[in-house]
Amino acid sequence: MILQATVALPVLVAALLAATGRWLPRPAVDVTALATATAVTALTALTLARAPHRPQVTWLGGWGPGTGVGIPLAADPLAAALACVAAALTLAALAFSWRYFTEIQAIFHALILLFLASMCAFVYTGDLFDAFVFFELMSVVAFALTGYRSEEPATVHGALNFGIVQSLGAYLTLAGIALVYGRTGQLGLAAIGRHLTGTGAHGRPGALVTAAFVLICTGYLVKAAAVPFHFWLADAHAVAPTPVCVLFSGVMVELGVYGVARTYWAVFPGLVPLRAVAVLGAAAALLGAVMCVLQHHVKRLLAYSTISHAGLLLVGVAAGTPAALSGTAYYLAGHAGVKGALFLAAGALLNRYQTVDARDLRGRGRVMPVTGAVVLIGALCLAGLPPSGLFAGHSVTEHAVLEQGWWWFTPLSIAAGAATAGAVLRVWLVVWRGMPLRRDPGETDPPEAGAQEGEHEGPETPGTLASLPWVMIAPAVALLAAGLAVGLLPGGPVADAAALFADRDAYAALVLDGHLTRPHAPPAEPWTPAGLAGSAVTLLLAVAVAAAGVRRAARTRPAAPAARAPLARAAGAATRRLHELHSGHVGDYAAWLTAGVAVLALLTTRF
């Protein structure tokens with residue numbers, strides 16, 4: 001009953017708050033939501049503790065395997081860990097919201113709890129169609145949360161971009177599910193996987209199965225913000241309430257990566273190549289890093305950082321080995337904690353100063369030392385500071401992919417980590433150390449989605465706090481500490497969990513037969529000389545990126561020498577072109593999505 005309770009409890013409490021919240025005092029609503037999130041966190045932690053030792057499978061409605069209509073909830077160790085991450089981030093977001101929002105309706109808490117229920121259900125479900133249902137429930141709730149401040153045009157515009165792009169991806173996923181059902185007559189992931197085992201001559205699945213994989217993964221890649229499906233993410237993060245951004249960047253995007261991994265390993269391993277996903281992930285890592293460096297709006301900066309790191313996660317999944325999956329698990333957990341902490345720090349700045357533009361905040365962060373420490377340490381973690389989960393993920397994944405000849409992953413991960421960490425370090429230097437920003441030729445600042453030029457950003461809270469209460473500081477510190485501690489987890493259990501996740505027959509035995517296989521894989525060892533060296537190089541480059549973005553004195557920058565003028569103009573033109581591509585126009589985003597589906601299909605058939 002523990003898996004059903006994990007999903008049902010937040011749904012029931014959300015319905016209660018939606019029905020009675022208008023008559024309840026604000027403290028009662030906050031306490032109820034926090035207590036529910038705490039209970040779900042405890043349930044997911046208990047599930048995680050049990051997962052390596054006993055089968056964690058429940059069939060809803062009493063319909064068991066072989067009936068053709070049963071819906072299983074299954075929690076292998078990696079799925080249980082991801083559900084626990086989602087619950088912990090939700091708890092942190094609700095705790096931060098207690099004092100962050102001075103005026104808020106109970107519908108906000110109800111939506112957050114529904115979001116939590118849909119995330120846990122999506123992670124646990126072993127049914128392809130129900131995974132789609134829960135994923136879309138997540139999208140609908142996320143759309144409502146993005147547009148929560150609907151009185152502002154920019155918020156409505158960003159929410160509509162989010163909703164339309166996500167809906168297009170959902171239609172394609174549903175079409176792919178229909179193709180799989182038409183081919184196999186099954187909707188359970190394990191049952192489909194068994195049916196497709198040995199399909200086709202010489203292991204070739206045929207065009208229909210390949211098309212189904214491409215269409216199903218498109219919806220997940222939209223959520224994972226892979227290039228060119230990523231355009232919605234920065235617009236949504238710029239206008240969504242800060243506690244919501246914690247869930248978006250900390251776990252929702254990662255669930256898109258999980259969707260690709262679960263669908264592939266449970267259904268398509270050996271039938272469809274994953275290298276096409278690696279190409280899109282590498283593009284996201286590079287483009288997200290470049291766009292991150294070009295931002296001064298802190299929430300947009302962190303959003304593009306999420307795109308870059310999600311791209312690295314996709315490359316780890318696409319490597320197609322349990323060892324690379326171990327590194328991806330480390331990286332995902334570490335990124336969730338660190339990015340959640342950084343968004344909470346951005347929310348503290350927004351509450352205090354009603355802006356998150358680094359130029360407006362220059363030197364004003366000195367009165368917030370704890371928040372500054374969170375930003376500084378969080379930036380270093382993005383660069384792979386040991387023992388953070390990002391360090392462990394980089395180290396383990398790099399070693400795994402080098403064994404199959406992917407030499408390019410090491411420079412890619414170093415460049416992405418250095419650029420994103422350097423951009424956050426630059427924010428710390430400007431906001432907490434008072435250093436002036438360096439302005440490059442051709443530099444422009446993109447307007448908020450749907451905002452008119454010169455329109456000032458609307459505050460998320462009607463009043464500001466003279467000092468941050470502990471309920472706003474503690475969640476950020478706790479998430480950052482968790483992100484740092486992930487790298488200390490022993491590599492043996494992580495490697496065994498990844499081996500179980502990547503074994504189609506073991507997953508089918510767990511879901512359909514109730515038999516838990518306990519595979520033993522070589523431990524995922526992050527503390528290697530190569531891993532430590534890569535971390536040191538990334539940290540040094542991140543400091544260089546941050547230093548290149550600031551000036552030591554507030555003096556006018558001299559004109560570029562004649563020899564450098566053409567290069568400066570070219571850099572300025574490239575910068576403007578990148579901003580123009582991220583136009584905020586949903587028609588452009590839909591066109592890029594269509595192009596992305598074509599590219600994904602082409603690459604999948606070519607590899």
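Colleague: Where does Gln354 lie in this model?

Modeller: Gln354 lies in the loop between helix H13 (322–353) and H14. The model is a predicted one.

Colleague: What is phi of Gln354?

Modeller: Phi of Gln354 is near 60°. That is a positive value in a residue other than glycine.

Colleague: Why does Ala225 count as buried?

Modeller: Buried means under 20% relative accessible area. Ala225 has 0% relative accessibility, so Ala225 counts as buried.

Colleague: What joins Val227 and Pro228?

Modeller: A cis peptide bond, with omega about 5°. Pro228 is found in the loop between helix H8 (207–223) and helix H9 (231–239).

Colleague: What is omega for the peptide bond from Pro386 to Pro387?

Modeller: Omega is near 5°, and this bond is cis. Pro387 is found in the loop between helix H14 (369–382) and helix H15 (389–402).

Colleague: Now the helices. How do you know that the span of helix H12 agrees with its residue count?

Modeller: Helix H12 covers residues 298–318, which is 21 residues. At 1.5 Å a residue they should span 30 Å. The end C-alpha atoms are 30 Å apart, so the two agree.

Colleague: How many residues of H12 are buried?

Modeller: 21 of its 21 residues are buried, and H12 is mostly covered. Just after H12, Gly320 takes a positive phi of about 75°.

Colleague: What does helix H17 reach, and what is expected?

Modeller: Helix H17 (residues 470–485) has 16 residues. From first C-alpha to last, H17 reaches 22 Å, close to the 22 Å expected at 1.5 Å a residue.

Colleague: Which residues of H17 are buried, and what do they pack against?

Modeller: Val471, Met472, Pro475, Ala476, Leu479, Leu480 and Gly483 are buried. The buried residues of H17 pack against helix H3 (77–100), H13, H14 and H15.

Colleague: How many residues has helix H2, and what does it reach?

Modeller: Helix H2 (residues 26–50) has 25 residues. The reach of H2 is 36 Å, close to the 36 Å expected at 1.5 Å a residue. Buried residues in H2 include Val29, Asp30, Ala33 and Leu34. What covers the buried residues of H2 includes helix H1 (2–20), H3 and H4.

Colleague: Why is Ser118 called buried?

Modeller: The cut-off is under 20%. Ser118 has a relative accessible area of 0%, so Ser118 is buried. The place of Ser118 is in helix H4 (residues 106–124). Leaving aside neighbours within four places in sequence, Ser118 is in contact with Phe134, Leu137 and Met138.

Colleague: How many aromatic pairs does the structure hold?

Modeller: The structure holds 17 aromatic pairs.

Colleague: Why is the pair Trp406 and Trp408 called stacked?

Modeller: Rings pair if their centres lie within 6.5 Å, and planes under 30 degrees apart count as stacked. The ring centres of Trp406 and Trp408 are 5.2 Å apart, with planes at 25°, so the pair is stacked.

Colleague: Trp406 and Trp408: buried, exposed or partly exposed?

Modeller: Trp406 has a relative accessible area of 7%, so Trp406 is buried. Trp408 has 28% relative accessibility, so Trp408 counts as partly exposed.

Colleague: Which residues form one aromatic cluster?

Modeller: Phe122, Phe135, Tyr220, Tyr258 and Phe501 do.

Colleague: What lies over the face of Phe135?

Modeller: Lys223, at 4.7 Å from the ring centre. Arg22 lies over the face of Trp23, at 5.4 Å from the ring centre.

Colleague: Cys84 and Cys120: buried or exposed?

Modeller: Cys84 has a relative accessible area of 16%, so Cys84 is buried. Cys120 is at 0% relative accessibility, so Cys120 counts as buried.

Notes:
Residues are numbered from 1 along each chain as its sequence is written. This is a predicted model: local features need pLDDT of at least 70, side-chain atom pairs count only at pLDDT 80 or more; totals for chains, interfaces and linings use all residues. Side-chain values use heavy atoms; hydrogens and water are left out. Helices (H or I, at least four residues) and strands (E, at least two) are DSSP runs, numbered from the N terminus. The expected span of a helix is 1.5 Å times one less than its number of residues. Buried means under 20% relative accessible area, exposed over 50%, partly exposed in between (1.4 Å probe, protein chains only). Contact means heavy atoms within 4.5 Å. Rings of Phe, Tyr and Trp (its six-membered ring) pair if their centres lie within 6.5 Å; planes under 30 degrees apart count as stacked, over 60 as edge-to-face and the rest as tilted. A charge sits over a ring if NZ of Lys or CZ of Arg is within 6 Å of the ring centre and within 35 degrees of the ring normal.
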